[in-house]
Protein chains: 2
Amino acid sequence: MAEQTTEQTQAVPPAVVLLSGGLDSTTTLAIARSEGFAAYALSFRYGQTHEVELNAARRVAAALGVERHVILNIDLRTFGGSALTSEELAIPKDRDVEGIGHDDIPVTYVPARNTIFLSFALAWAEILEASDIFIGVNVQDSSGYPDCRPTFIQAFQAMAQIATRAGTLGQELRIHTPLIDLTKAEIIAKGTELGVDYGLTLSCYDPSPEGLACGHCDACLLRLKGFAEFGMADPAGYDSPARAR
Amino acid sequence: MAEQTTEQTQAVPPAVVLLSGGLDSTTTLAIARSEGFAAYALSFRYGQTHEVELNAARRVAAALGVERHVILNIDLRTFGGSALTSEELAIPKDRDVEGIGHDDIPVTYVPARNTIFLSFALAWAEILEASDIFIGVNVQDSSGYPDCRPTFIQAFQAMAQIATRAGTLGQELRIHTPLIDLTKAEIIAKGTELGVDYGLTLSCYDPSPEGLACGHCDACLLRLKGFAEFGMADPAGYDSPARAR
């Protein structure tokens, strides 16, 4: 029986990797590849203002080597309720970077976004017969966004384990969060070690139509601080970079 | 403090109700309305062969009275893997109705479908500040579809409770499954008691372009058996009804 199991094991196991094309998800994809997974990258067109974020995801998927890159359309604007999916709510700019992730849940929070993203990843994983899903949530966002917290990921994994045909047949389902305890500087260090070109990535909540980062939103401020702490200039293009504080 | 809480309580609490326009979800909507909820009906265009299923959902939403009916586009065909979302897999016909729900998971299973549907319901519930979500899963399907089982619903609720801003602020999140232990005949009895016109509904996996049920798929066979046990003719239109066994 043990021999049969070995025979059935795929030489290169497939994994679904959630990929926005930002710093965190790109590093997560590089980690999944370095751990020997065949990566199936999943991105979403969910009502962001600009298509340039998806262009970053396409660049990253091509550069890091994925088996397939799927971009799903899900229109979260139908419900409203977040600055990232609404034209009526303004994206906060130039906040105190030390406060980001430590104060109230920001207006850029998209209700149940990671729950929805992980649910689609679960569907694809089941079809691929994959036991592994990667998501680049990390501690820097965790107190701000409820669905970035370790307890949430654990609860999702417990639910996912019994949600699918594979799970009911005893196949294990693992949600990998390799960045969850890392600072932005540590994430950049890890990705740089793995050869990631962060010039391909885009983390900004409010990029220019040409794909330049604004340099002032929470995502830009955290990213610039991370690069400063790591001691490297951010290779991404900025419209007018804020001074990393 | 108790008085403040009372003041903040909405007179008519909102609830998100997943609505396909079939027998189960229609009865569930009627139950939610009878329990005093303002219903926000949520349907999905997810790659079914026919738009007629959504027409049934529209008819039901109008007849039963909802605050709003949202139909979301989510293209599960991108991933493939189910007879309900693929033109390459055939929908089984004229199976032994006693075996349905007791044998292997059928090809009509859509991977992670209820996980995805409930995730969107959770997002809308958070925006509506609703604590209640209704889904018409029931025991007749439960051994066939893993994501219809009580253990799955419990695990989803546990996850949902910590996935949202509302949850982190202590608001309870309840997934209601009023049909979970009922037979189809009991569901029909409950709906009839509440005044549901089942002639508006459509349960078929393979309806005609005019919206007539096929009478031969698992969903039709279970439904016809339910009406026969309840002792009433199914008022829905059939292309060529199978004899209820």
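The legends below describe close-up views of a predicted model.

Residues are numbered from 1 along each chain as its sequence is written, while chains are lettered from A and ligands numbered from 1 in the order in which they are written. Because the model is predicted, local features need pLDDT of at least 70 and side-chain atom pairs count only at pLDDT 80 or more, whereas totals for chains, interfaces and linings use all residues.

**View 1. Helix 6 of chain A against helix 6 of chain B.** Helix 6 spans residues 150–163 in chain A and residues 150–163 in chain B; the two axes come within 9 Å and cross at roughly 165°. Helices (H or I, at least four residues) and strands (E, at least two) are DSSP runs, numbered from the N terminus. Axes are lines fitted to C-alpha atoms, for helices over the stretch in contact, and angles run from 0 to 180 degrees between N-to-C directions. The crossing angle makes helix 6 of chain A roughly antiparallel to helix 6 of chain B (an angle over 145 degrees).

**View 2. Residues at the contact of the two helices 6.** On helix 6 of chain A the contact includes Thr151(A), Phe152(A), Ala155(A) and Phe156(A); on helix 6 of chain B it includes Ala158(B), Met159(B), Ile162(B) and Ala163(B). Residues are in contact if their C-beta atoms, placed from the backbone, lie within 7 Å. By class, this contact has 14 nonpolar, 2 polar and no charged residues. Ala, Val, Leu, Ile, Met, Phe, Trp, Tyr, Cys and Pro count as nonpolar, Asp, Glu, Lys and Arg as charged, and the others, Gly among them, as polar.

**View 3. The open sheet of chain A.** Its 5 strands follow the order 3-2-1-4-5 with parallel pairing; strands pair if DSSP finds at least two bridges between them. From one strand to the next the twist averages 25°. Strand 1 (residues 14–18) and strand 4 (residues 132–134) of chain A run parallel and are joined by 3 bridges, with Val16(A) opposite Ile133(A).

**View 4. Helices on the sheet of chain B.** Helix 2 (residues 23–34) of chain B lies across strand 1 (14–18), strand 2 (38–45) and strand 4 of chain B, at about 170° to strand 1. Helix 3 (residues 52–64) of chain B lies across strand 2 and strand 3 of chain B, at about 170° to strand 2.

Terms used. Angles under 35 degrees count as roughly parallel, over 145 as roughly antiparallel, 65 to 115 as roughly perpendicular and the rest as oblique.
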